Amino acid sequence: MSASSSDFGPDATSDTSAPIRDSSNSALLAQDAAHLIHPLHDTQAHEIARVWIEGRGALLIDADGREYIDGVAGLWNVLAGHGRRELADTARSQCETLAYASAYTGSSNRPAIQLARRLAELTYPSINRFFFTSGGGEATESSIKMARAYWKLRGRPDKTKVISRIEGYHGVTMAAMSATGLPAYWPLFEPRVPGFIHIPSPYPYRYNSPPGVSPGLAAANELEQAILREGAHTVSMFLAEPVQGAGGVIVPPDDYFPRIRQICDQYDVLLVADEVITGFGRTGVLFALDHWNIEPDIVQFAKAITSGYIPFGGIGINDTIAAALDDDGRAWMHAYTYSGHPVGCAVALRNLRIIEEEALAEQCRAKGELLLDALRDSLADHPHVGDIRGKGLMCAVELVADRATKESFPTADALGIRLQQEAARRGLFSRVKADSFLLAPAAVITKEQLEQAVSILNNSIRALLG
Ligand SMILES: Cc1ncc(COP(=O)(O)O)c(C=O)c1O
């Protein structure tokens, strides 16, 4: 049976843009349960869901009027913070001028051209051509198809395999899911796409390197071993997040990516940086491989390019790949209806101006340092805090049963989920990866809000573990 609009309370009759504050969280959740399928749908986990009705800066407000610090800025994307009038105005104005037109070959639009030109200035020097998508998963699909096409155009059609990393997250469309190295995402949807290989992550807290080799080099050398095992003539690309996000904020050692670049060059394997989280400032620089002075061949982006105000993503390719695409004369038969969407491009351009004018990358760097220091001050001595890590405004606290052995708590304890709930009850809404608590708030978060977040996390950990 369908619900009428009046089921949502007195505010929501004909004007669906009216606030629905009078509808309680629990009343809305009953409707939700009847009609919505959620990303990562899980009926039991959803029982204590919040229904968000408003966002302000680094805060979210639920249907009961309660305020929460938005611990991972939506899903790492709301870099410029909630409630930005400039972005709303830009979207409205572009909708009125030209809401949509195809960008398939034979058509273009001004915001798409301007955005591509701006990205050529902002991204890595060798990357000057862009294809736009509606999000990160489509960006992963696009770079895989770009890499395969590149090698075919260059007369090496067998180079099709994709190597990525355990703990890596690249989205959940079929090929992206096959590249994603978090096995929880696979079972209901197998078989995965063939030709996807995973190597271990450069996880400083847990990676054991052989004697005499640094963990960064040893983890990078796993790529070389995988390429040799598979045969270099079969491998098209290596896909990696500069700092792994959903896998638990894994920051690689400084010698990791320079060695990865060498290996990719040596074996003719394209290096694809998945900067869907790290792109546009979150780690303290606009694009994160700049931390290690290397450039990828393809860069993927999404999320913070529009601060989440409009679904948007894309890939940038280097001049060598672009030349192959232009020279051959065959069409690259890959496309999305919403590629180069005028409203998305306009909002992205306006958001990039905010990032520049308000120095959001620098804010992430400075606030990330504050956050890490505060986390270490309050939690480093706790007997169950194993690791506190981060880069820029992208941090995690990993809890362990035993600090000496780094042994994790039994999965059945569901400690991470309980910590997430405890923190939410106290006003910090964030995400966890197993027993790692993730923190990546909006770049506009205030110092007081950061301190409050740390204090809530500290109290929540002590409430659960003493
Ligand atoms: C690094 C990375 N790549 C790709 C994706 C997939 O993006 P989307 O959810 O927009 O498909 C995500 C999403 O969190 C991500 O973190």
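Met146, Tyr150 and Leu153 in H6 meet Thr320, Ile321, Ala324, Leu325 and Asp328 in H10. Contact here means heavy atoms within 4.5 Å. Sorted by type, the residues of this contact of H6 with H10 are six nonpolar, one polar and one charged. Nonpolar covers Ala, Val, Leu, Ile, Met, Phe, Trp, Tyr, Cys and Pro; charged covers Asp, Glu, Lys and Arg; the others, Gly among them, are polar.

A word on where this comes from. The model is predicted: local features need pLDDT of at least 70, side-chain atom pairs count only at pLDDT 80 or more, and totals for chains, interfaces and linings use all residues. Residues are numbered from 1 along each chain as its sequence is written, and side-chain values use heavy atoms, with hydrogens and water left out. Helices (H or I, at least four residues) and strands (E, at least two) are DSSP runs, numbered from the N terminus.

Now the geometry. Two packed helices are described by the angle between their axes and the distance between the axes. Axes are lines fitted to C-alpha atoms, for helices over the stretch in contact, and angles run from 0 to 180 degrees between N-to-C directions. H6 spans residues 136-153 and H10 spans residues 319-328; they pack at about 60°, with axes 10 Å apart. That makes H6 oblique to H10. On the scale used, under 35 degrees is roughly parallel, over 145 roughly antiparallel, 65 to 115 roughly perpendicular, and the rest oblique. H6 passes H10 in a left-handed crossing. Left-handed means that the near helix is turned anticlockwise from the far one by less than a right angle; clockwise is right-handed.

Next pair. The axes of H8 (residues 215-230) and H9 come within 8 Å and cross at roughly 20°. H8 and H9 are therefore roughly parallel to each other. Their crossing is right-handed. Among the contact residues are Leu217, Leu223 and Ile227 of H8, and Ile260 and Ile263 of H9. The contact divides into nine nonpolar, three polar and two charged residues.

One more pair. H12 (residues 360-379) and H14 (residues 447-465) pack at about 30°, with axes 10 Å apart. So these two, H12 and H14, are roughly parallel as well. The crossing of H12 and H14 is right-handed.

On to the ligand. Which residues surround the ligand? They are Gly135, Gly136, Gly137, Tyr169, His170, Gly171, Glu241, Asp274, Val276, Ile277 and Lys303. A backbone N or O atom of glycine 136 lies 2.8 Å from a ligand oxygen. A polar side-chain atom of aspartate 274 is 2.7 Å from a ligand nitrogen. In the side chain of lysine 303, an N or O atom sits 2.9 Å from a ligand oxygen.

Last, two loops. The peptide bond from glutamate 190 to proline 191 is cis, with omega near 10°. Proline 191 is in the loop between helix H7 (174-179) and strand S6 (196-199). Valine 249 has phi near 50°, a positive value in a residue other than glycine. Find valine 249 in the loop between strand S7 (235-240) and helix H9 (256-266).

Conventions
A residue is near a molecule or strand if one of its heavy atoms lies within 4 Å of it. A polar contact is a pair of N or O atoms within 3.5 Å; within protein, one must be able to donate a hydrogen and the other to accept it, and residues adjacent in sequence count only if both atoms are side-chain atoms.
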